[in-house]
Number of protein chains: 2
Amino acid sequence: MARSSTTSDVFNAIAEADRRAILDALITGEKAVGAIVDDLSMSQPQVSKHLHVLSEVGLVTSRADGRHRLYRLEATRLRPMNEWLAKYEHAMNARLDRIDNYLRELQQRGEPQ
Amino acid sequence: MARSSTTSDVFNAIAEADRRAILDALITGEKAVGAIVDDLSMSQPQVSKHLHVLSEVGLVTSRADGRHRLYRLEATRLRPMNEWLAKYEHAMNARLDRIDNYLRELQQRGEPQ
DNA sequence: TTGACATATGCCGTTATCGGCATATATTGG
DNA sequence: CCAATATATGCCGATAACGGCATATGTCAA
């Protein structure tokens, strides 16, 4: 068995740098495929395929607009990642926490005077 | 060309559910390979290989302890993900923000009386 | 309707992943 | 030193991802 399908969950969909770039490009709002192609200078089929993957996991939705198709970011779907990461937040900021505590201590030591 | 190497960046390393499970198992602290094998009921070579990948991207470090090898979570390496996700925080909470604003409005409307 | 523009799909070759199994490499205790 | 335990590695087969290219599909404009 190879790596679990890229279309199965958000983590796999996001593993590809190009797809992250596409999502980044959509932060500012809806965009047509062609606009993304121009922005990121990727081939049109490549962009379409990446959008397909992103669409399968619900990270983007699309609507027709004349002969264009506008893609829209669905940031809500990033929640699972956010929640997974949240578990590590504390460990991730351990060093900062220590500095923070130190500063707090200094402050308390200063206040009484 | 296939997906960019799993050993190149954190996003790819984390794409695998089993590897996320291993990291989860290490949240509580250092663990030997065997302990992880027991906890997650994966094969020993499988765990060792996953640890190897995680180690290459710096998500875990290890130290020898007799005939055991203790692996340790390096949560700091999750920062890049956290920072990438932060860009979407606002869009991710858009709906909650709207509810929040609504509640705030209700509150303000109520206060004057 | 025809042709130009916009996007999606299909096929192909290359490459990497992943799990299983067998086995190599420590390390310790007797 | 030898056997047992703990972990790492190497090889394999199956799978699928990815990009490129050609082409199908869809949509408007004249």
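**Exercise 1. Which residue takes a positive phi in the hairpin of S2(B) and S3(B), and how many residues lie between the strands?**

Solution. Start with the turn: 2 residues sit between the strands, and Gly66(B) takes the positive phi, near 65°. Keep in mind that you are looking at a predicted model, where local features need pLDDT of at least 70 and side-chain atom pairs count only at pLDDT 80 or more, while totals for chains, interfaces and linings use all residues. As for labels, residues are numbered from 1 along each chain as its sequence is written, and chains are lettered from A and ligands numbered from 1 in the order in which they are written.

Now follow the strands away from the turn. Strands (E, at least two residues) and helices (H or I, at least four) are DSSP runs, numbered from the N terminus. S2(B) and strand S3 (residues 68–73) of chain B run antiparallel and are joined by 6 bridges. Another pair to find is Ser62(B) with its bridge partner Tyr71(B) in S3(B).

**Exercise 2. What is the strand order of the open sheet in chain B, and which strands are at its edges?**

Solution. Begin with the order: the sheet has 3 strands, S1-S3-S2, with antiparallel pairing. Strands count as paired if DSSP finds at least two bridges between them. The edges are strand S1 (31–32) and strand S2 (60–65) of chain B, and each of these pairs on one side only.

Next, see what lies on the sheet. Helix H2 (residues 17–26) of chain B packs there, touching S1, S2 and S3 of chain B, and its direction makes about 95° with that of S3(B). Finish with S1(B), which is joined to S3(B) by 2 bridges, the two strands running antiparallel. Here Lys31(B) stands opposite Tyr71(B).

**Exercise 3. At what angle do the axes of H3(B) and H4(B) cross, and which residues meet there?**

Solution. Take the geometry to begin with: the axes come within 9 Å and cross at roughly 115°. (Axes are lines fitted to C-alpha atoms, for helices over the stretch in contact, and angles run from 0 to 180 degrees between N-to-C directions.)

Then go to the residues. From H3(B) come Val33(B), Ile36(B) and Val37(B), which meet Gln44(B), Val47(B), Ser48(B) and Leu51(B) of H4(B). Sorted by class, this contact has 5 nonpolar, 2 polar and no charged residues.

**Exercise 4. Where is Ser41(A) found, and is it buried or exposed?**

Solution. Find the loop between helix H3 (33–40) and helix H4 (44–56) of chain A, and there is Ser41(A). Now check its backbone: phi is positive, about 45°, although Ser41(A) is not a glycine. That's worth a second look, because most residues other than glycine have a negative phi.

Now count neighbours. Ser41(A) counts as exposed because it has 7 C-beta neighbours inside 10 Å. The cut-offs, with C-beta atoms placed from the backbone, are 20 or more others within 10 Å for buried, 12 or fewer for exposed, and partly exposed in between.

Ser41(B) lies in the loop between helix H3 (33–40) and helix H4 (44–56) of chain B. Its phi is near 45°, again positive, and Ser41(B) is exposed, with 7 other C-beta atoms within 10 Å.

How values were computed. Contact = placed C-beta atoms within 7 Å. Nonpolar A, V, L, I, M, F, W, Y, C, P; charged D, E, K, R; others polar.
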